[in-house]
Amino acid sequence: MAQGFLRETHNEEVEVTGGECFEALAARSFFQDFEKDEGDGSIYACKMHDMLHDFAQNLTKNECFSVDIDGATESKIDSFSRDARHSMIVFRNDETDPLPATIHSFKKLRSLIVDGYPSSMNAALPKLIANLSCLRTLKLSRCGIQEVPSNIGKLIHLRHVDLSKNEIRELPEAMCELYNMLTLDVSDCKKLERLPDNIGRLVKLRHLSVLNDQFVKMRGFEGLSSLRELDDFHVSVSGEVSNIEDLRNLNHLQGSLTISWLGDVKDPDEVRKAELKSKKHLTRLDLWFESRTDRRIIRDDEVLEALEPPLNIDSLRIGGYQGVILLRVFPGWINKLRVVSLREWGKIENLPPLGKLPSLEKLRVGRMECVGRVGREFLGLGVDSDISNGEMTSSSSSNTIIAFPKLKSLSFWWMGNWEEWEGGNEDKTNISISTIIMPSLRSLEILKCPKLKALPDYVLQSTTLEQLEIYKSPILKEEFKAGGKGWPNASHTPNIRFY
């Protein structure tokens with residue numbers, strides 16, 4: 001993309017074209033040693049096949065070069081053609097060797113990738129930028145950069161900029177003059193405090209990565225209507241008004257979106273103006289309700305209800321939620337969820353009736369300090385339910401209902417006050433209706449639940465359970481280890497592990 005080899009058509013976006021090219025090359029054994037994401041199975045790293053790599057190096061020796069820096073290397077770099085277009089410099093010893101001064105003479109470079117941690121990079125960067133005015137790709141990840149010089153705004157051909165894992169506090173406003181930029185990565189810059197106020201001028205920007213545990217002030221996003229990827233949006237508040245409305249025009253967002261610091265939203269109506277429901281290409285949504293202030297009034301319930309995610313969401317994570325209910329009424333989109341993760345809900349005593357979700361396959365619940373008991377309400381079998389639109393799955397017999405019909409993986413972790421996990425058959429008031437619970441369960445993890453006393457019968461009697469892991473949960477470990485009271489009930493599970 002950065003080199004202009006891919007073209008967008010009316011029928012197909014450039015990312016799709018690029019993906020098809022990659023898949024075609026992979027099918028022809030051009031790549032090897034694929035590394036895949038455990039969640040969605042997507043490839044995030046691979047290597048070129050050794051034979052093809054050697055052939056490509058020989059074929060492009062006057063156009064591309066790669067140099068390992070381990071001591072004196074000026075003479076080695078000096079041997080390459082000054083017409084070279086692409087360069088990669090690898091530093092084997094962190095903060096020992098400086099960036100070779102000879103690199104400044106390669107005026108025609110379009111790509112510069114620095115791998116490693118050169119010494120004195122902050123001093124070398126202004127001159128580097130001044131001399132390499134043709135750059136389209138600049139990758140300076142983990143180079144110890146503390147300040148990005150303002151003359152970077154002169155690199156008008158830049159398409160791809162990677163400044164991740166540096167010590168930058170802010171980016172110069174001059175970067176907002178790089179109108180051709182397609183990708184900007186400043187993720188894991190732990191000291192980053194803010195993005196430029198005029199970032200909305202980067203109207204061609206398609207990929208923006210700012211993933212960061214610390215708060216980063218973000219303003220002016222309403223102009224970034226070309227964005228396809230935004231991994232983390234931080235809610236910033238000025239007076240009584242937040243910036244979440246800036247998401248309104250970002251209707252081309254795809255894949256995953258994290259919205260952080262939702263606890264600082266003071267007016268739930270602002271959340272509706274973000275129009276998340278219009279982001280039809282999003283498939284995963286992570287919502288974090290942290291706050292940077294001591295909140296007198298908590299509106300998490302109202303904010304969550306106002307978000308109105310798009311219908312295609314199949315993965316949802318909610319953390320730091322301080323509300324009392326999950327939602328008054330769950331709309332249709334929740335029935336499509338396959339993956340749910342809930343963590344650090346400070347006030348919730350009873351887990352929501354997630355057993356009603358017909359498509360749920362993976363569930364993780366953690367750090368629920370107020371939860372002391374998990375019972376029928378979790379299965380969706382209680383009389384009262386906040387999920388008014390969630391229908392229990394029925395079998396072919398109208399007298400049988402199924403809770404968690406497709407759940408394959410279940411994990412509870414760091415539930416410090418959880419003592420009881422009840423079964424689902426205690427209610428005998430209607431003997432004409434039978435229940436089936438978790439008929440597809442394959443894996444169960446109990447991590448750091450020190451007070452939990454027992455597992456329910458529907459888990460112990462499961463014929464599909466293949467793996468049971470119990471970690472730092474001493475009561476359960478004593479119960480279900482070989483020779484323990486519960487061992488006869490669990491011994492049929494193929495893989496049981498204790499830590």
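# Notebook: sheet, rings and charges

**Entry 1, the sheet.** I began with strand β4 (residues 86–91) and strand β5 (residues 111–115), which run parallel and are joined by 5 bridges. Before going on, I noted that this is a predicted model, where local features need pLDDT of at least 70, side-chain atom pairs count only at pLDDT 80 or more, and totals for chains, interfaces and linings use all residues. I also noted that residues are numbered from 1 along each chain as its sequence is written, and that side-chain values use heavy atoms, with hydrogens and water left out.

For the terms, I took two strands as paired if DSSP finds at least two bridges between them. Helices (H or I, at least four residues) and strands (E, at least two) are DSSP runs, numbered from the N terminus.

I looked up M88 and found its bridge partner in β5 to be I113. I then followed I113 across to β6, where its bridge partner is K139. β5 and strand β6 (residues 137–139) run parallel, with 3 bridges between them.

Next I wrote down the whole sheet: 8 strands in the order β3-β4-β5-β6-β7-β8-β9-β10, open, with parallel pairing. β3 (64–69) and β10 (229–230) are its edge strands, each pairing on one side only. I also checked strand β8 (residues 183–185) against strand β9 (residues 207–209), and they pair in the parallel sense over 3 bridges. L184 has L208 as its bridge partner in β9.

I stopped at S87, which lies in strand β4. S87 is buried, at a relative accessible area of 4%; buried means under 20%, exposed over 50% and partly exposed in between, with a 1.4 Å probe and protein chains only. Leaving out residues up to four places away in sequence, S87 touches F65, I103, L109, S111, L112 and I113. I counted a contact as heavy atoms within 4.5 Å.

Rings of Phe, Tyr and Trp (its six-membered ring) pair if their centres lie within 6.5 Å; planes under 30 degrees apart count as stacked, over 60 as edge-to-face and the rest as tilted. The count comes to 15 aromatic pairs.

F65 and F80 are a stacked pair, because their ring centres are 4.5 Å apart and their planes are at 15°. F65 is in strand β3 and F80 in the loop between α3 (74–78) and β4, 15 residues apart, and the pair links distant parts of the chain. F65 is buried, at 5% relative accessible area, while F80 is partly exposed, at 23%.

I then looked at F412 and W418: their centres lie 4.6 Å apart with planes at 50°, so I noted the pair as tilted. F412 is buried at 0% relative accessible area, and W418 is buried at 0%. Both belong to a cluster that ring pairs build from F378, F404, F412, W418, W421 and Y458.

I also looked for charges over rings, meaning NZ of Lys or CZ of Arg within 6 Å of the ring centre and within 35 degrees of the ring normal. R82 has its charged end over the ring of F106, 4.5 Å from the centre. R292 lies over the face of F215, at 3.6 Å from the ring centre.

I counted a side-chain nitrogen of Lys or Arg within 4 Å of a carboxyl oxygen of Asp or Glu as a salt bridge. The structure holds 30 salt bridges.

One of them joins E193 to R169, with the closest N and O atoms 3.3 Å apart. This pair links distant parts of the chain, from the loop between β8 and β9 (E193) to the loop between β7 (160–162) and β8 (R169), 24 residues apart. E193 is partly exposed at 44% relative accessible area, and R169 is partly exposed at 45%.

I also noted E422 with R373, whose closest N and O atoms are 3.0 Å apart. E422 is in the loop between β23 (420–421) and β24 (434–437), and R373 is in strand β19 (residues 373–374), 49 residues apart. E422 is partly exposed at 24% relative accessible area; R373 is partly exposed at 30%.
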